Amino acid sequence: MTEKPGPEDTTLDAPTHSALKRLVVSLADSKRLMGIRYSDWLLGAPSIETGIAASSMAQDEWGHARLLYAMLKDLGADPLEAEHTRPMEAYASVDVLDAPFGDWAAVVAGMVLADGAITVALDAFCKGSFDPACSRIPKMLAEEEFHRSLGGAWYRRLAGCGSTEATELLRGATERMLPPLLRWLTADDQIEALAAAGFTAPGDAQVAAFRDAVRDVVAGVGVDVDAVRIREDAWDPSRGRGPGHPDADAVERARGDRNRALFVE
Amino acid sequence: MHEHVYDVFARKSRGDPLAHIGYVDALDDETARVYAWKTYDEEHWFEMCVVRRSAIIPVNREDGPFAGGGSEKP
């Protein structure tokens with residue numbers, strides 16, 4: 001595809017337009033939920049510096065989400081409606097963010113794996129031919145470099161600290177997260193159509209990029225990412241994720257329900 | 001887990017002197033980079049770097065604020 005769609009673009013056929021919108025919502029929702037999961041650890045992280053980093057990463061993720069939701073405007077949809085009015089059943093965020101991280105080991109695994117998978121999908125979208133993505137995502141990827149760095153450092157530290165409990169917690173979180181994340185990156189018909197049109201990378205390429213990004217890190221707890229089976233259960237094509245949805249509290253926070261009366265845009 | 005003290009230096013513009021702006025406690029060099037960048041983000045820094053305090057070699061006095069080998073926090 002040589003023409004790059006932008007504001008008020010009318011060159012996209014209906015299925016491509018719909019798939020592009022689903023991809024943007026999926027990435028934006030994932031960013032918003034990732035921010036909420038980081039924000040849960042502003043207090044309670046292992047050190048003051050880690051709490052500050054979690055706070056900063058939460059801000060990064062919410063900023064990324066805001067920029068991604070704004071791309072809906074380029075596709076003729078209302079970002080405010082997407083951000084503030086949808087029921088939790090409509091959220092398209094990656095499955096592993098549906099519930100809070102239970103412990104610091106899960107946060108670290110989430111930093112490396114969940115944030116890592118979202119970054120792979122963002123990178124693929126950035127290298128495609130959707131102009132708003134090409135111009136707005138590079139700054140997000142630069143900020144994500146710090147998330148990757150912190151996640152990797154903490155992962156290696158927990159994996160090598162000599163504590164059986166820490167290693168088991170980290171391995172357990174890793175083994176829970178990998179199958180659904182690999183499934184999330186494995187394209188369905190809509191992503192393959194977007195890849196064929198030049199808007200993103202094919203699913204197998206994204207899965208390969210993700211495996212490359214995390215292979216050495218997860219090997220630290222004895223997990224072979226190439227041997228992990230991709231989850232093959234039910235799939236919701238309308239949202240591009242598995243069944244289920246984020247918990248009610250997270251969605252209320254994401255939508256800003258508690259301060260709706262004070263909402264100013 | 002054992003942490004080290006890292007001193008943080010930064011300059012706002014290319015020609016500015018590199019100034020000591022604070023410190024972080026970190027597990028290693030990689031976490032020190034992130035903690036410094038995320039903690040001292042009140043400015044749009046042109047350059048920031050960190051150095052493990054134990055690597056600082058005192059030149060003219062042994063009782064200066066950076067001479068503690070990582071245990072002192074000025």
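Modeller: The buried residues of α1(B) are T31(B), A32(B), R33(B), V34(B), Y35(B), A36(B), W37(B) and K38(B). A residue counts as buried if 20 or more other C-beta atoms lie within 10 Å of its own, as exposed if 12 or fewer do, and as partly exposed in between, with C-beta atoms placed from the backbone. Helix α1 of chain B spans residues 29-39 and is mostly covered, since eight of its 11 residues are buried. Helices (H or I, at least four residues) and strands (E, at least two) are DSSP runs, numbered from the N terminus.

The model is predicted: local features need pLDDT of at least 70 and side-chain atom pairs count only at pLDDT 80 or more, whereas totals for chains, interfaces and linings use all residues. Residues are numbered from 1 along each chain as its sequence is written, while chains are lettered from A and ligands numbered from 1 in the order in which they are written.

What do the buried residues of α1(B) pack against? In chain B they meet β1 (4-11), β2 (19-26) and β3 (47-52), and in chain A they meet α2 (48-74) and α5 (131-159). Contact here requires that the C-beta atoms of two residues, placed from the backbone, lie within 7 Å.

On the chain B side, α1(B) lies across β1, β2 and β3, and runs at about 125 degrees to β2(B). Axes are lines fitted to C-alpha atoms, for helices over the stretch in contact, and angles run from 0 to 180 degrees between N-to-C directions. These three strands of chain B form an open sheet in the order β2-β1-β3, with antiparallel pairing. Because β2 and β3 of chain B stand at the edges with a single partner strand each, one side of each is left without a neighbour in the sheet. From one strand to the next, the twist averages 25 degrees.

Strands count as paired if DSSP finds at least two bridges between them. Seven bridges join the antiparallel strands β1(B) and β2(B); V5(B) has D25(B) of β2(B) as its bridge partner, and D7(B) stands opposite Y23(B) in β2(B). β1(B) is also joined to β3(B), again antiparallel, by six bridges, and R11(B) stands opposite E47(B) of β3(B).

The contact takes 11 residues from chain A and 15 from chain B. Within chain A, the elements that give two or more residues to the side touching chain B are α2 and α5, and α5(A) supplies the largest share, five residues. By class, that side of chain A has six nonpolar, three polar and two charged residues. For this count, Ala, Val, Leu, Ile, Met, Phe, Trp, Tyr, Cys and Pro are nonpolar, Asp, Glu, Lys and Arg are charged, and the others, Gly among them, are polar.

D188(A) counts as partly exposed because it has 16 C-beta neighbours inside 10 Å. Leaving aside neighbours within four places in sequence, D188(A) is in contact with W235(A), P237(A) and G240(A). Between D188(A) and W235(A) there are 9.3 Å, C-alpha to C-alpha, for a separation of 47 residues in sequence.

R239(A) belongs to the loop between α8 (203-218) and α9 of chain A. With 18 C-beta neighbours inside 10 Å, R239(A) is likewise partly exposed. Not counting residues up to four places away in sequence, R239(A) touches S26(A) and A92(A).
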